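Thank you for making time this morning. Please bring up the sequence and the structure, and I will take you through them slowly.

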Amino acid sequence: MSRPGAPVAPHRREGDAGRSGLDARLVVRRGGFELDLHLTAGPGEVVALLGPNGAGKSTALRALAGLVPTAGGHIRVDGRDLRPLPPERRGIGMVFQDYLLFPHLSALENVAFGLRCQGMRKREARRVAAGWLEQVGLAEYASVRPRQLSGGQAQRVALARALAVEPSLLLLDEPLSALDAHTRLEIRSALRRRLEGFEGAAVLVTHDPLDAMVLADRLVVLENGRPVQQGRPADVARHPRTEYVARLVGLNLYRGRAEGTSVRIGGGDDGGGMVLDTVDHLQGEVFLAFEPAAVALYRSRPEGSPRNVWRARVAAVERQGDRVRVRLDGPPLAAAADVTPAAVAELELAPGSAVWASLKATETRVYPA
Ligand SMILES: Nc1ncnc2c1ncn2[C@@H]1O[C@H](COP(=O)(O)OP(=O)(O)OP(=O)(O)O)[C@@H](O)[C@H]1O
């Protein structure tokens with residue numbers, strides 16, 4: 001588990017001379033809530049802040065933008081201290097839900113606005129803005145007012161507006177949340193391409209693990225105002241360190257104690273819980289994870305090859321695409337199992353049914369806690 005304040009080496013891409021990216025420690029107090037987050041993003045790096053409701057994601061973004069006062073820490077972008085500066089002088093590009101396009105300005109004028117604020121002459125600002133609208137595929141919408149744009153188009157104009165000022169830091173708050181599923185898919189890819197060409201640091205807040213996985217170079221998971229895990233999306237997904245992250249990536253996750261290839265999970269002083277066979281040799285405190293699809297369900301105790309077997313009660317049966325997710329209650333083990341609709345019918349699975357569950361040792365992943 002990463003400590004609050006633990007620095008992370010910024011990841012760099014070529015062509016970032018003169019840029020050092022974002023280095024911030026954000027301390028914010030709001031009523032009984034406290035955010036304490038060391039956040040870095042190298043030039044060209046996209047960092048996604050992920051976390052449950054109320055974890056402090058928006059607070060972190062707003063503190064960077066200067067919209068929420070910080071109680072301590074620092075905010076440096078390319079070596080420049082932003083903390084004393086008001087939002088409009090921080091040189092940050094923002095795509096926020098409540099930071100909407102100006103309704104009385106055309107798409108082109110919206111994009112040109114920030115450039116004009118930077119002192120660019122009107123004709124030049126319009127020329128540059130037209131170039132950005134073209135980049136987001138909206139050249140022909142230059143004279144259109146925001147209310148005549150679809151949600152996805154408005155989102156792209158907001159992105160063009162944020163990028164046009166060539167900010168050192170780009171902040172995106174749930175940039176895709178207002179879009180329907182189809183548009184979301186399209187804009188997600190478009191946004192990814194745009195972000196790939198962006199040389200500044202970018203911080204993205206999202207609820208959606210898919211957005212985070214597709215768009216970010218690095219994930220920072222926040223819970224209760226503290227970072228609980230960070231790393232490359234694939235590493236976080238493979239090795240979740242909290243239940244929230246495990247649920248997010250759809251894995252069963254337990255803490256336990258390993259002795260060689262046996263891991264005791266659950267249970268307290270009464271010696272309850274269960275011992276699972278694994279293949280990784282480890283000693284001491286560990287995490288043990290497995291995919292819901294690795295759990296097989298039976299009406300009666302399965303015979304044959306060595307595997308972990310336990311008795312479980314079905315708590316819920318949920319359809320998920322072409323699979324069915326079955327939630328199993330403990331003791332000894334609460335777990336999610338993915339089965340086919342045919343298996344649900346054959347096993348007559350319904351809340352309250354008793355089943356046998358099995359898991360091969362080779363399907364488990366064990367790593368130090
Ligand atoms: N305007 C405010 N005044 C006081 N407290 C606030 C305010 N806005 C948020 N908070 C508190 O700050 C904490 C963090 O909220 P924040 O909105 O940053 O979380 P979040 O991770 O963005 O959540 P969500 O995913 O629901 O948007 C919450 O406990 C919330 O109650």
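What we have here is a predicted model, in which local features need pLDDT of at least 70 and side-chain atom pairs count only at pLDDT 80 or more, while totals for chains, interfaces and linings use all residues. Residues are numbered from 1 along each chain as its sequence is written.

The protein chain is assigned domain 1, residues 22-245, and domain 2, residues 250-368, with such bounds coming from an automatic or database domain assignment. Their centres, taken over C-alpha atoms, are 39 Å apart. Four residues of domain 1 are in contact with five of domain 2, contact meaning that the C-beta atoms, placed from the backbone, lie within 7 Å. On the domain 1 side, those residues are one nonpolar, one polar and two charged; here Ala, Val, Leu, Ile, Met, Phe, Trp, Tyr, Cys and Pro count as nonpolar, Asp, Glu, Lys and Arg as charged, and the others, Gly among them, as polar.

Now, which residues are around the ligand? They are Arg30, Gly31, Phe33, Gly51, Asn53, Gly54, Ala55, Gly56, Lys57, Ser58, Thr59 and His207, each with its C-beta atom, placed from the backbone, within 6 Å of the ligand. By class, this shell has two nonpolar, eight polar and two charged residues.

Helix α1, residues 57-65, gives the most to that shell, with three residues; helices are DSSP runs (H or I, at least four residues), numbered from the N terminus. Just after α1, Gly66 takes a positive phi of about 90°.

Conventions: Two residues are in contact if their C-beta atoms, placed from the backbone, lie within 7 Å. Helices (H or I, at least four residues) and strands (E, at least two) are DSSP runs, numbered from the N terminus.
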